[in-house]
Amino acid sequence: FFPYLRHERTLARPWVRPGTPGLEHRIGGLVKDYLTGNISYAPANHEQMVRVLKTIGYVVKREGSFDAGLEAEAEFLTDVVGIDSAAFVLRDASGLSSSNLITPRALTILIRHIRSSALLDALQPGISVAGESGSLRNRLTDLTGRVSAKTGSIRHVASLSGIVRTDDGREVAFSILANNTGTTGSRVTAAIDDVVRALAQP
């Protein structure tokens with residue numbers, strides 16, 4: 001089973017229940033192998049991400065190039081999702097370029113869109129659940145099952161973006177991005193989790 005293998009036509013990935021023994025995969029702000037999901041810094045893995053981007057360019061723009069792929073992604077964010085073009089900058093296929101930029105508001109709009117679209121089924125396997133699976137298995141355990149989100153981390157950066165179910169049953173989309181805070185990663189993570197707890201209040 002290869003959780004990161006994409007369907008050649010739809011680019012969707014196969015689904016498996018998060019936490020299935022033997023099929024766990026790592027997520028977060030790291031480069032992941034395109035088939036297994038394991039952390040990989042191999043040049044071949046980056047090249048695969050570039051190929052996926054070029055495939056998107058070919059399918060959407062009829063041009064299998066890096067620039068066409070980025071243009072297709074940008075048009076999806078602006079024309080389909082409704083994000084202001086000034087709210088993001090796309091520079092690479094892996095998402096690790098320091099030139100990539102996006103606002104928390106833009107991510108929140110994207111999360112709301114995904115939550116109400118057919119994309120959710122394809123993306124759900126890669127989303128961690130507080131106290132249950134993935135990188136949130138041991139985080140926010142006081143909100144077990146109520147937070148579904150993606151973590152992100154790289155040097156001097158920490159983030160958490162997703163959905164929290166409030167005490168009165170509402171679903172709130174959120175995105176918290178911390179960059180160059182000048183404090184330890186554990187303190188930043190604790191502060192992010194406290195913000196999520198505050199959002200869970202009615």
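I take contact to mean heavy atoms within 4.5 Å. The model is predicted, so I note the source's limits: local features need pLDDT of at least 70, side-chain atom pairs count only at pLDDT 80 or more, and totals for chains, interfaces and linings use all residues. Residues are numbered from 1 along each chain as its sequence is written, and side-chain values use heavy atoms, with hydrogens and water left out.

**Entry 1, Ile102.** I looked up Ile102, which sits in strand β2 (residues 101-102). Beyond its neighbours within four places in sequence, Ile102 is in contact with Ala87, Phe88, Leu107 and Leu177. Ile102 has 34% relative accessibility and counts as partly exposed. The classes I use are buried under 20% relative accessible area, exposed over 50%, and partly exposed in between (1.4 Å probe, protein chains only).

I found five helices and six strands, in the sequence pattern α-α-β-β-α-α-β-β-β-β-α. Helices (H or I, at least four residues) and strands (E, at least two) are DSSP runs, numbered from the N terminus. Of the 202 residues, 38% are buried. Among contacts with a separation of 6 or more, 39% join residues 24 or more positions apart.

I traced an open sheet of four strands in the order β3-β4-β5-β6, paired antiparallel. β3 (128-129) and β6 (171-179) are edge strands with a single partner each, so one side of each has no neighbour in the sheet. Strands count as paired if DSSP finds at least two bridges between them; β5 (residues 157-165) and β6 have nine. In that pair, Leu160 stands opposite Ile176 of β6.

I then checked the helices on the sheet. Helix α3 (residues 104-115) lies across β5 and β6, at about 145° to β6. Helix α5 (residues 185-199) lies across β4 (147-154), β5 and β6, at about 20° to β5. The axes are lines fitted to C-alpha atoms, for helices over the stretch in contact, and angles run from 0 to 180 degrees between N-to-C directions.

A nonpolar core here is a set of buried Ala, Val, Leu, Ile, Met, Phe, Trp, Tyr and Cys residues joined through side-chain atoms within 4.5 Å. The largest has 17 residues, of which Leu140, Val147, Leu160, Val164, Phe174 and Val196 touch the most other members. β4, β5, β6 and α5 each supply at least two residues of this core, and the largest share, four residues, comes from β6. Another core, of nine residues, lies apart from it and includes Val81, Ala87, Leu110 and Leu120.

I also looked at Asp193, in helix α5. Asp193 is buried at 7% relative accessible area. Its contacts beyond four places in sequence are Arg139, Leu140 and Leu160.

I count a salt bridge when a side-chain nitrogen of Lys or Arg is within 4 Å of a carboxyl oxygen of Asp or Glu. The structure holds eight. Lys61 bridges to Glu75, with the closest N and O atoms 2.9 Å apart. Lys61 lies in helix α1 and Glu75 in helix α2, so this pair ties together parts 14 residues apart in sequence. Lys61, Glu71 and Glu75 are linked in a network of salt bridges.

Arg115 bridges to Glu171, with the closest N and O atoms 2.8 Å apart. Arg115 is in helix α3 and Glu171 in strand β6, so the pair ties together parts 56 residues apart in sequence.
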